[in-house]
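Trainee: Hi, I have a new model open on my screen. Could you walk me through it?
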Amino acid sequence: MATDYISTRGNAPALGFSDAMLAGLARDGGLYVPREWPHFSKDELRAMRGLSYTEIALKVLSPFIGDEIAPATLKRIVEESYATFRHPAVCPLVQTDANEFILELFHGPTLAFKDVAMQLLARLMDHVLSERGERVTIVGATSGDTGGAAIEAFANKDRADVFILFPEGRVSPVQQRQMTTSGASNVHAIAVKGTFDDCQGLLKDMFNDHRFRDEVALSGVNSINWARVMAQIVYYFTAAASLGGPDRAISFTVPTGNFGDIFAGYAAKRMGLPIDRLVVATNDNDILARALATGEYSTREVIATTSPSMDIQVSSNFERLLYFASGGNAQEIQGYMDSLKQSGAFTITPETLKAIRADFAAGSSNMEATAQTIRSVWKDSGYLLDPHTATGMKVSRSQAASAVPMVVLSTAHPAKFPKAVEQASGVVPALPEWLGDLMDREETFTVLPSDLKLLEDYVLGRARAAR
Ligand SMILES: Cc1ncc(COP(=O)(O)O)c(C=O)c1O
Ligand SMILES: N[C@@H](CCOP(=O)(O)O)C(=O)O
């Protein structure tokens, strides 16, 4: 029997996989999490060695989905999703030092790790919606990469209208074009006058406005959606299988913003993967590193950096970690979230903090250190890092020495951030041939203030017109 999904705030109905996927945010404002973690024995993990990415994906995903999607259908969906990747290994590992590896997650259509989950999510949603004869309105918030990946995956799908909120002037020109040039009639890119936190706050407010939510059949593609996190768990298993797991522990450093990617690593650990350290790497927006050091989760003004996708203060999936670290105490989580809404801060209890520190370490890298890392890795290894991956690399290399292999997640291709990469290394990273004309394509987008009512009216008008 597959698990069902419960809300971190304990006040929403438990749902099966398909309903949780279509719901996005739980109706009590919480995030869906599996009630039970599937578990893989050492023998089952050993049997993953030598398997392809899609074969491991099927093993990892199936227990979360259960019998809601027929095995042959799931196999087809997984194979089609990863056939869009330009590398035969899908997410290959590259060795950069004796005990250091880079997990390249950027070989998908939009050159960021978001494609790994989004390609799958779009196909899973399309399948479930077709079976039910339903249609949804997807609203997404992005600091740059989720938006492009969602638009690429959902463009021209006839069961979804897609509205992507991005912070005006705070994404790279390549990221912006990936969102504004699709030409698809079911896609709407909206530049919001504000930060990513404003965009994500507006999105959550839309979910919490139940009248609006029901009227447009609102659904989400951010890592609010459990299925996004689920898909990201897979590459922790493929990396471990390549490096001799489970007979060798492995550590991971993850450039972190909304905490979805590293939470997927935590999930993999809960599922039996021997992970030694999970290292949270933040940029100048170092709220998570501060929270782990002090127990005070306290928001500050968002700083615009050279790794814009991580310019986040309100880190959505941290709520999922708090839930598990507190032993599933929904009341404690509701208290944290109330305090965050009222004062922009909360204090983690000593017990919960202790549980978090048992699995996680953290560090941050400022813009200068990140540029220096791009420069030195290029000079020493001839490997060109994007600024997000460089943030991870800098933090990883600042950790105490260990005999355990360290895998740094490479979350984006350097060509998405050419200015920062060129300034740091002197090298201009070229876009791949299939995106060669991106910067010449015609843009279509709307600029709106950070105002819930105006946004809801905009979405409602267009969603109605599409029906
Ligand atoms: C390139 C890149 N790196 C890292 C991150 C941080 O990932 P997460 O939000 O899952 O922590 C993001 C955005 O999410 C991103 O786009
Ligand atoms: N960095 C992200 C922010 C949203 O993250 P998500 O994983 O919750 O979708 C982005 O690039 O948009």
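Mentor: Happy to; we'll go from the overall fold to the ligands, the helix packing and a few backbone details.

Trainee: What kind of model is it, and how do the numbers work?
Mentor: It is a predicted model, where local features need pLDDT of at least 70, side-chain atom pairs count only at pLDDT 80 or more, and totals for chains, interfaces and linings use all residues. Residues are numbered from 1 along each chain as its sequence is written, while chains are lettered from A and ligands numbered from 1 in the order in which they are written.

Trainee: How many helices and strands are there in the protein?
Mentor: The protein has 19 helices and 15 strands. These are DSSP runs numbered from the N terminus, with helices (H or I) of at least four residues and strands (E) of at least two.

Trainee: And how compact is the protein?
Mentor: Its radius of gyration is 20 Å, close to the 23 Å that the globule rule gives for 467 residues, so the protein is as compact as a globular protein of that length. That radius is taken over C-alpha atoms, and the rule is 2.2 Å times the number of residues to the power 0.38. Along the principal axes, the C-alpha atoms fill a box of roughly 60 × 50 × 50 Å.

Trainee: On to the ligands. Which residues come nearest to ligand 1?
Mentor: Asp145, Asn258, Gly260, Ser309 and Thr411 do, out of 16 residues around ligand 1. A residue counts as near if its C-beta atom, placed from the backbone, lies within 6 Å.

Trainee: What classes make up the shell around ligand 1?
Mentor: There are 5 nonpolar, 9 polar and 2 charged residues. Here Ala, Val, Leu, Ile, Met, Phe, Trp, Tyr, Cys and Pro are nonpolar, Asp, Glu, Lys and Arg are charged, and the others, Gly among them, are polar.

Trainee: What about the shell around ligand 2?
Mentor: That shell has no nonpolar, 12 polar and 1 charged residues. Of its 13 residues, Thr142, Asp145, Thr146, Asn222 and Ser223 come nearest. Helix H6 (residues 145-154) gives the most to the shell, with 3 residues.

Trainee: Switching topic: how do H16 and H17 cross?
Mentor: The axes of H16 (residues 367-381) and H17 (residues 387-397) come within 8 Å and cross at roughly 90°. The two helices are therefore roughly perpendicular to each other, a label for angles of 65 to 115 degrees. Axes are lines fitted to C-alpha atoms, for helices over the stretch in contact, and angles run from 0 to 180 degrees between N-to-C directions.

Trainee: Which residues make the contact between H13 and H15?
Mentor: First the geometry: H13 (residues 318-325) and H15 (residues 350-359) pack at about 105°, with axes 9 Å apart. Leu321, Leu322 and Ala325 of H13 meet Thr352, Ala355 and Ile356 of H15, contact being C-beta atoms, placed from the backbone, within 7 Å. By class, that contact has 5 nonpolar, 1 polar and no charged residues.

Trainee: Where is the cis peptide bond?
Mentor: It joins Gly245 and Pro246, with omega about 5°. Pro246 is in the loop between helix H10 (226-242) and strand E9 (250-255).

Terms used:
Angles under 35 degrees count as roughly parallel, over 145 as roughly antiparallel, 65 to 115 as roughly perpendicular and the rest as oblique. Two residues are in contact if their C-beta atoms, placed from the backbone, lie within 7 Å.
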